[in-house]
Amino acid sequence: MKALWRTGLTALLASTVFVHGSMAEKLMTLGSGEGQVNIVAWPGYIERGETDPAFDWVSKFEEKTGCKVQVKTANTSDEMVALMNEGGFDLVTASGDASLRLIAGKRVQEVNTDLVPSWNTVDDRLKDAPWHTVDGKHYGVPYMWGPNVLMYNTEVFKEAPTSWNVVFEEMELPDGKSNVGRVQAYDGPIHVADAANYLMKHQPDLGITSPYELNADQYKAALDLLREQRKLVSRYWHDAFIQMDDFTNEGVVASGSWPFQVNILQSKGAPVASTIPEEGATGWADTTMMHVDAENPNCAYMWMEHTLSSNLMSDLSVWFGANPGVPAACTDGRGMQTAAGCTKNGMDDFEKIKFWTTPVSKCASQDNACVPYYRWVSDYIGVIGGR
Amino acid sequence: MAESPAITAPRDGVLGTVSDVLYRRPTLLLLLLLTPPLLWLGIIYLGSLFALLAQSFFSIDEFSGVIQYRLTLKTYGELLAPANLDIIVRTTLMAGSVTVAAAIVAFPIAYYAARYARGKWKALFYLGVMLPLWSSYLVKVYAWKLILAKEGILNWVFENLHLTWLLDAYLSIPVIGGNSLSVSYSGTFLVFLYVWLPFMVLPMQAALERVPVSYLEASADLGASPLQTFSKVLFPLAMPGVIAGSIFTFSLTLGDYIIPQIVGSSRLFIGQAVYSHQGTAGNIPLAAAFAVVPVIIMGFYLWMAKRQGAFDAL
């Protein structure tokens, strides 16, 4: 009886994990809209003017196509993957870590770029990006991307810091005081990649080729660097608004950050600026992907075209402090964004950015012996706890 | 005088019949009344708890990071890793000190309210204790972050009183100190104390109100000093209230994951560990095992409280 109960329970739990994949061929022709499209998106990614009337990139699409846009927001990549596994959605704005999981799990379908007329306006640097292109097949349309910049206080740093060492090593800052307690780091295990990125430049003999693919020795070196950093950091930042508060009220003068915080702080007149130091930086890139069993494929394709050709990316770029997947959105005045604004968001620094991917044990650069992400999580907790 | 029959005729209507049936069969009535709450307790409450418990007996594969659905105690073994043990000890110590401090702070307040406050003062007391509960928990925590910040109100007060040296001396104490109050354990402790204090004051006040004044007078008449009266009469009689309040403050601190994230040194508490393991990491077994820890600690706590006779008076 006990054994029966055990197998039953195991089977029940296991069954929730398996997904019943069906391989749909990519769409060849477009029909008329189905009247709606269901999108899983990051909060703040799809605005219809309800938060701020000036930021609306949905109403016009609905008027033009008759496709009612329904948004389900997700706060983590895991939630996105879970929602897509569950089904009932047409599109998802997946980040680099979720996108490959979705492709591997056969949850998204190949996109026929011929049916997206503005595909050729997509940034050439993103067209074949490895986080949505597998075996030459495109599984999505690039959406937005952004760097993790080094934000600094301009009253302390008269000139922009040239290296990430201000947040990794104990040193005297230009104002003559130590950096202990005055720098911050991101409160997420992915920050290990920032440490690895720093070591890539400063300890080349470790042989790191990608900050997301670390073997045991490289990983240990990165953790050692983070343990040194723990002595400098009073509080790790987790929430963008808490970090902004720490820069204004807590005496923090340098930290890895997003253009989002830099833009908001600058708009409030705070003495901050951002830079991408000589080591380069990590970053994120999102892709609009289509569910394998999308019920509204025509509206979905229309939405994908809309993301590339309308005011969406331009205004979203202002709203979120991110860069559009279509470079022209910065300059042609289709929305509020300007070339200067895009430069501020890091548009020109694409080459310096190592885009976020989930570390897995099977990695090409280190003979399939990399430290997987869940170890990053438990070890980073240890580092923050002082271990 | 008209005679009324001993057995009245059945009442008319569906409601009447239902009422009659229920009156004649009390067990049926009891069953009807108890089934919904029992279903709620059994399926939604205990069911989710057992699903969680079951998860904690699985493990994650070291190499691929895939969850293996085989029963094992490996995940519980991982809890004993130094970094994880730190989290458990840290959270328990914090919960313990918050509880003790809350009892000390709440006692005079509750005693005054139970013994001396009358009329509008009593109303004012209830309002004062309850008012913080009416505003959002998050608003209160963010407000505290601003109060405790390095460039915040408290530092400004210390500076104007020329007492910055005192604060600096306090913050230089290892473990409880830090770069500023808002990034130290002391800050986390203060915010916990503030947020959970009403849960200690109210049960304590209820217990103190039940202590007859005559007992205290008798104690004094028999020659006991005020201190003796307190330790031999008042405190033991108020104990059920203290225990009830401490169960609230202890368990609430044990499970909280928002306060230590906003105010504190970023070192994780149990709630935060659960949150981060079940998130992107996908290490649900370890998250589940972590979630079982407060259940065990609380079970132990209640058992100790029972052994101390805390529930005898209930």
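Across the interface of chain A and chain B, 13 residue pairs turn up in polar contact, both partners at pLDDT 80 or more; such a contact is a pair of N or O atoms within 3.5 Å, where within protein one must be able to donate a hydrogen and the other to accept it, and residues adjacent in sequence count only if both atoms are side-chain atoms. The model is predicted, with local features needing pLDDT of at least 70 and side-chain atom pairs pLDDT 80 or more, while totals for chains, interfaces and linings use all residues. Residues are numbered from 1 along each chain as its sequence is written, chains are lettered from A in the order in which they are written, and side-chain values use heavy atoms, leaving out hydrogens and water.

On the chain A side, α1 (2-15), α9 (240-249) and α15 (373-384) each supply at least two residues that touch chain B; helices here are DSSP runs (H or I, at least four residues), and strands likewise (E, at least two). The largest share, eight residues, comes from α15(A). By class, this side of chain A has 13 nonpolar, 13 polar and eleven charged residues.

In total, 37 residues of chain A are in contact with 40 of chain B (heavy atoms within 4.5 Å). About 3400 Å² is buried between the two chains, 56% of it on carbon and sulfur atoms; this is the accessible area (1.4 Å probe) lost on putting the parts together, summed over both. Three salt bridges are counted between the chains, each a side-chain nitrogen of Lys or Arg within 4 Å of a carboxyl oxygen of Asp or Glu. One of them links A:Asp246 to B:Lys145, with the closest N and O atoms 2.8 Å apart.

Chain A also has an open, mixed sheet of four strands, ordered β8-β9-β7-β10, where pairing takes at least two DSSP bridges. Its edge strands are β8 (183-184) and β10 (272-275).

Note on methods:
Ala, Val, Leu, Ile, Met, Phe, Trp, Tyr, Cys and Pro count as nonpolar, Asp, Glu, Lys and Arg as charged, and the others, Gly among them, as polar.
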